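Colleague: I have the model open. Walk me through the labels, please.

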Amino acid sequence: MSQPTPPIPPEDVRSAAEVEDAKLASAQRSYSQGQLVRKRFFAHKPAVVSMAVLVFIILLSVSSIGFSGQGTGWWSKSFSATGLTVDGGRPTMFNAAFLGEHPFGQDSIGRDYFAMVMRGTQQSLLVALGVALSSTFLGVLVGALAGYFRGWIEAVLMRITDVVIVVPLLALAAVFGAYAQGLPGGTLTLALFIGLATWTGTARLVRAEILSLREKEYVAAAIAMGAHPARIILKHMLPNSIGVIVVNATFAIAAAILLETTLSYLGFGVQPPETSLGALIQDNQNAFTTRPWLFWFPGLFIIAIALSVNFIGDGLRDAIDPRQKRSGANRPGWRTAFGLLGRATAEERSGKQVSELSGGPTQMQPPAGMTDHGPDFGHDPTDEKRDS
Amino acid sequence: MYSYVLKRLLSAIAVLFGASLLVFVLVINSGDPLQELRESNAENVEFLIQQRIAFMNLDEPWYSRYWIWLTGIAGCAVGACDFGTNMSGQDVGAMVANSASSTLRLVFIATILSIIIGILTGIVTAIRQYSSLDYAVSFFVFLFFSLPVFWAAVLAKDWMGITYNNWLREPQFSWTQIIIVAVVAAILVPLIIGGSTRRRLLTGAAMFGFVLVVMPLMDSLNYALEPRLGPAVITLLGIGLAFGLTALLSGLKNRRVLYSALTVVGIGLVSYYATFWLLIEPPGGWLTVIGLFLVTIAVAVLVGRTMGGHAKGQAVAVSVITAALFAVMVLLDHFMRAWPGFLGMKPRPIATIGSSSPNFSGDFWEVALDQGTQLVLPTTILMLVSVATYTRYTRSSMLEAVNQDYIRTARAKGVNERTVVFKHAFRNSMIPLTTIVAFDFAGLIGGAVVVEQVFGWSGMGNMFVTGLSNSDPAPVMAFTLITGAAAVLFNLIADLMYAVLDPRIRV
């Protein structure tokens, strides 16, 4: 960033992006785009904590029972081997010194529930990643082709998108899941097929993005120099819309975790003898009153994974496009939030908001499912300053 | 405009055609419908196989099977729908007729409630941006987005349903419960109402005292078993509503609006007595109730228009909302009147299985209460995600609107905050919300598939799941077609709503 720093507007008319830029400018250093994004992301506390939780869950599930799930990791029990039920299968992690024999207890035929939950986590994460990758790939492909070429290609591709959208997502995914049952390849095939039902949101988003990039001068210049459409799309357009795509893909992972567990619950997802978090709940929902741990552990893992991926997506969105983060410089500290400091009446607060200039035209995207605008939990660097 | 609607409908039919072809091909290739018969040891297995082949047209190639289905559906255009038969020879049209009502009841009630709750929460969190209420709501929104519906449903069955039923055997609040509710109310209400520190403390103390008086009072009146409102309480609440809504929507200084709302309350009280005996056993059931409701709204519009004077629009709005809420209270009063008798028939009211109690018979109110109590848990669960969606979109869309230039202009020319929020900001933020409603309705039908499965309803979702697991196309296609048509219809309505809400858009 070799340009001269822009004049810093007075504090109470700054937008979030301007506040960030002012803060960075005062550090007397220049940062690359990647560094900026990274700094903003790591300043977003919920996202960083979620990232740690997610990495911990992934490491735990992979290292404990290994990829094969047959006790190849540090946890020696297999998720499919039955055994004697000890103490009614109660979890030992609450009364043993450390974990104990069966930390999450045992199911009705004596399988170690910790190994089963770990296996379920692996499978659910695998499906979610596969769905996110395949649906993002397909969505970007369709969206980029439709947005770049327009004309009949766009008409055909967007009608196909409509055809897929018009069936409720869960129903279509269930149909694809049922179809994938007959095919070889197990979990990965399932993931690819579920991805065929969930790409439409990404496609619409990418198309809108490409349509606006089409009007840029550098695209016109590339066309004038005779660049091949593939080169223009891959080298010029997609790198400039990578932020939207990455954020969307992150929310797609969270949605895919829930979709996969729901499908497995209905019986159209991961098939036995393989297991997943949804299938575990389906198997044990009737044991809720007698052996509640069989029900609690997989559910808590689903919530932990989905919640942390949602938070990460939120942090990424704020980091990549700070304009979308609607927190200006006027964000109050916690005491103001609880009403312990003045400036809390609605009149006053909304009066303040008027003086916040938004950091540019924040355009409203057409809704593409509910993952599009995930909730935002922003951290703002002015928090501490307000409190003191 | 008509040509626009016609064009949209034609392209919708083309899209539905494509979707049905896609689903049909996938379903018939997802498994072997004769599998279980081939493994069966029944004596007449050969006959059964032949019968199933005949029911499902398995001897035809796939395109011919699809064509048979399509011609049956095309009959709808001339009023003779044929949804085909499922694998055991049942007419799917009859299955749909039986199952659609419970599913639609579930989805409609969930949609309406989540729109109301979600939009209200969204507005409150937007005008209290960055308050602790906003943070708390944001966290719950996150949680609901990450909650597996089927898991939450099992929890709700146990925590809400069974706990409430057990409590109803001995319905007395303990002092611990009363204190907890009082503390929660004392914290929550000031957060919503806001104001200076002093005002918040006062509101909190008032709420605390209020709960401490009301809950023991309810206990001593045995309210859980014999609840009642009575004309006096309804009138008092109605007058409160009239004042509150006037203050909220046009300000108490606007006497014309206030008087028209109060007139509506007066008419409502008269009609409470006038319709009391009619509503004891309403002839025609819900049709009468809905008819009376429409009459109420019409009367309210009339009162607003004649008494509103220069503030006709606001008077009509306030009167209609007052009248609608008053009607709801009257309805509630009748339900409460039927409640003790209903409890006698069904001592554990909140059921966890089925859409209505088997072999239940009673008068109109008791049957309605039975269906209502069966609906409580599924609706709550189905609403979680929708409420989160509406809250989030309303909040961001309100914040978007609040930052626009016309809001600044409105404030600059001295428009008061109430008008800024409700008239300028909210109306404009409604425009993107209409799309969400259309999307969300389709999403709710999908959610109903799971909820019906958890709560053991035999609705359309169940028909879909059973059909799909047997590779039986006819029920799956019926589900696809109905939900797809609903999605198309709601999108069309949303587009037309756009034009109503934003006159710049021409259709």
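Modeller: Start with confidence. pLDDT is the predictor's confidence in each residue, from 0 to 100. You need it here, as this is a predicted model.

Colleague: Where in chain A does pLDDT stay under 50?

Modeller: Over residues 326–334 of chain A. The model still has 27 contacts for them beyond four places in sequence.

Colleague: What is the mean pLDDT of chain A?

Modeller: It is 75, and 73% of the residues of chain A reach 70 or more. By element, helix H9 (residues 217–224) of chain A has the highest mean, 92. Helix H16 (residues 383–387) of chain A has the lowest, 35.

Colleague: Why is H3(A) called oblique to H4(A)?

Modeller: The axes of H3 (residues 45–65) and H4 (residues 113–149) of chain A cross at roughly 120 degrees. Roughly perpendicular runs from 65 to 115, and roughly antiparallel needs over 145. The rest count as oblique, so H3(A) is oblique to H4(A).

Colleague: Which residues make that contact?

Modeller: Among them are Ile57(A), Leu60(A) and Val62(A) of H3(A), with Met118(A), Arg119(A) and Leu125(A) of H4(A). By class, the contact of H3(A) with H4(A) has 8 nonpolar, 4 polar and 1 charged residues.

Methods. Residues are numbered from 1 along each chain as its sequence is written. Chains are lettered from A and ligands numbered from 1 in the order in which they are written. This is a predicted model: local features need pLDDT of at least 70, side-chain atom pairs count only at pLDDT 80 or more; totals for chains, interfaces and linings use all residues. Axes are lines fitted to C-alpha atoms, for helices over the stretch in contact, and angles run from 0 to 180 degrees between N-to-C directions. Helices (H or I, at least four residues) and strands (E, at least two) are DSSP runs, numbered from the N terminus. Angles under 35 degrees count as roughly parallel, over 145 as roughly antiparallel, 65 to 115 as roughly perpendicular and the rest as oblique. Two residues are in contact if their C-beta atoms, placed from the backbone, lie within 7 Å. Ala, Val, Leu, Ile, Met, Phe, Trp, Tyr, Cys and Pro count as nonpolar, Asp, Glu, Lys and Arg as charged, and the others, Gly among them, as polar.
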